[in-house]
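This briefing is meant for a reader who is meeting the structure for the first time. It begins with one local detail and then goes through the rest by topic.

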Amino acid sequence: MSRLLLCLLALPAAALAATPEIPLVIKDHRFEPAEVRVPAGTKVKLVVDNRDATPEEFESHELNREKVIPGGSKASIFIGPLNPGRYPFFGEFNEATAKGVVIAE
Amino acid sequence: MLGAAIIVFRETLEAALLIGIVAAAARSLPGRGRWISLGVLAGILGAVVLATSAGYVSELADGVGQEVLNAVVLAAAVLMLAWHNIWMSRHAREMVDGARAVVRQVTEGSRELSAVALVVALAVLREGSETALFLYGMVAQGEAAVQITLGGALGLAGGAVLGLGLYAGLLRVPVRHFFSVTALMVLLIAAGMAGQCARFLIQGDLLPALAAPLWDTSAWLSNDSVLGSLLHVLAGYDARPSGMQALFYFATLALILAGMRLVREARPAGPRLGAPAAT
């Protein structure tokens, strides 16, 4: 059991080198770019750089992701492998302006 | 103000409902009010500390420190809830059988209540730190303090009212069914937390997602609908769960149920001291 767990834990480490990193910036409570294009069918690491002084919560029901990114800090969110399509996301703390979409293709 | 109220309400709801359920489930244990208050207090203190160090935590573990922390907190809460349910399943049988009206030993009760207090503290810690971060953000954006305080208080009150409502509702359940109802609710909450724990580990790339999503019921019942989010809090509902999430959910469900059954069937070897023979 524990060996199986170790193998499972080792899997992502082995795949890490191949994971594409996609930068995403939060500025003035907006995502830049608002349209994030990612390759379909592979895991992707979104590196979110919050340049506002205030925290933001990256949230997407479609991607099944939710993460608070404190002001002035960077954080990683792994998504996918995704089927081709559009996956909207938003900033829960500033829902009026902070909107974006991941496009897997 | 309304924005603050809504977000604080959403963050409070989960902890409030959990507290409502465990407070009801622990109704037979003397001194539970003190323990639960202690849990809330410790949770709030922890949340403030966590919120002030959020930037630091976030950049730990190559940018997934928050996921690791959330997963650990959730796993600890699941363990405590599991233990609570397994312990209660024997205690409840004795209560319903009329073998004893109160907990035999004060120490036994306090050990159980310390687990309850820890669950409460962990829930408040998790939801509270996000609330604190959000409110801090509003202050930093130059929103009027009065508005923020009012909104926050309104949201908090809303969550608390629902938690209290659930608690009061549960206490009206007849004793015969009471422990089955609360055990079922605790069981589902624990399984849901285990599923969330898996989701954080996947989000941090520490576990594979397996099938993602395993199914998609968002067209019928989305996560952000009122019913969907209530079911999410109470039973771990997710419209688009990954395979790993479902695995954690059902494995936790099965393990706790098995533990409850084992404990219920294991009868003490000797005659029970101080307890009249149950017919």
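This is a predicted model: local features need pLDDT of at least 70, side-chain atom pairs count only at pLDDT 80 or more; totals for chains, interfaces and linings use all residues.

In which loop of chain A is Pro33(A) found? Pro33(A) is in the loop between β2 (30-32) and β3 (35-38) of chain A, and the peptide bond that leads from Glu32(A) to Pro33(A) is cis, with omega near -5°.

**Chain B as a whole**
- Chain B contains 9 helices and 0 strands, so that its pattern along the sequence reads α-α-α-α-α-α-α-α-α.
- The radius of gyration of chain B is 20 Å, which agrees with the value near 19 Å that a compact globule of 279 residues would have.
- The C-alpha trace of chain B spans about 65 × 45 × 35 Å along its principal axes, and 47% of the 279 residues count as buried.
- Among the contacts in chain B with a separation of 6 or more, 86% are between residues 24 or more positions apart.

**Where chain B touches chain A**
- In the contact between the chains, 28 residues of chain B meet 24 residues of chain A.
- On the side of chain B that touches chain A, the elements giving two or more residues are α3 (54-63), α5 (106-140) and α7 (175-203) of chain B, and α3(B) gives the most, with 6 residues.
- Sorted by class, that side of chain B has 9 nonpolar, 12 polar and 7 charged residues.

**A pair of helices in chain B**
- Helix α1 (residues 2-25) of chain B packs against helix α6 (residues 145-171) of chain B at an angle of about 25°, with the axes 7 Å apart.
- Because angles under 35 degrees count as roughly parallel, α1(B) and α6(B) are roughly parallel to each other.
- The crossing in which α1(B) passes α6(B) is right-handed, and the residues of this contact divide into 24 nonpolar, 9 polar and no charged.

**Backbone details**
- Most residues other than glycine have a negative phi, and most peptide bonds are trans.
- A further cis peptide bond joins Gly80(A) and Pro81(A), with omega about 5°, and Pro81(A) has its place in the loop between β7 (74-79) and β8 (85-91) of chain A.
- His29(A), although not a glycine, has a positive phi of about 60°; His29(A) is found in the loop between β1 (21-27) and β2 of chain A, and counts as partly exposed, with 17 C-beta neighbours inside 10 Å.
- Asp205(B), also not a glycine, has a positive phi of about 65°; Asp205(B) lies in the loop between α7 and α8 (226-235) of chain B, and counts as buried, with 24 C-beta neighbours inside 10 Å.

Notes: Residues are numbered from 1 along each chain as its sequence is written. Chains are lettered from A and ligands numbered from 1 in the order in which they are written. Helices (H or I, at least four residues) and strands (E, at least two) are DSSP runs, numbered from the N terminus. The radius of gyration is taken over C-alpha atoms; the globule rule is 2.2 Å times the number of residues to the power 0.38. A residue is buried if 20 or more other C-beta atoms lie within 10 Å of its own, exposed if 12 or fewer, and partly exposed in between; C-beta atoms are placed from the backbone. Two residues are in contact if their C-beta atoms, placed from the backbone, lie within 7 Å. Ala, Val, Leu, Ile, Met, Phe, Trp, Tyr, Cys and Pro count as nonpolar, Asp, Glu, Lys and Arg as charged, and the others, Gly among them, as polar. Axes are lines fitted to C-alpha atoms, for helices over the stretch in contact, and angles run from 0 to 180 degrees between N-to-C directions. Angles under 35 degrees count as roughly parallel, over 145 as roughly antiparallel, 65 to 115 as roughly perpendicular and the rest as oblique. A crossing is left-handed if the near helix is turned anticlockwise from the far one by less than a right angle, and right-handed if clockwise.
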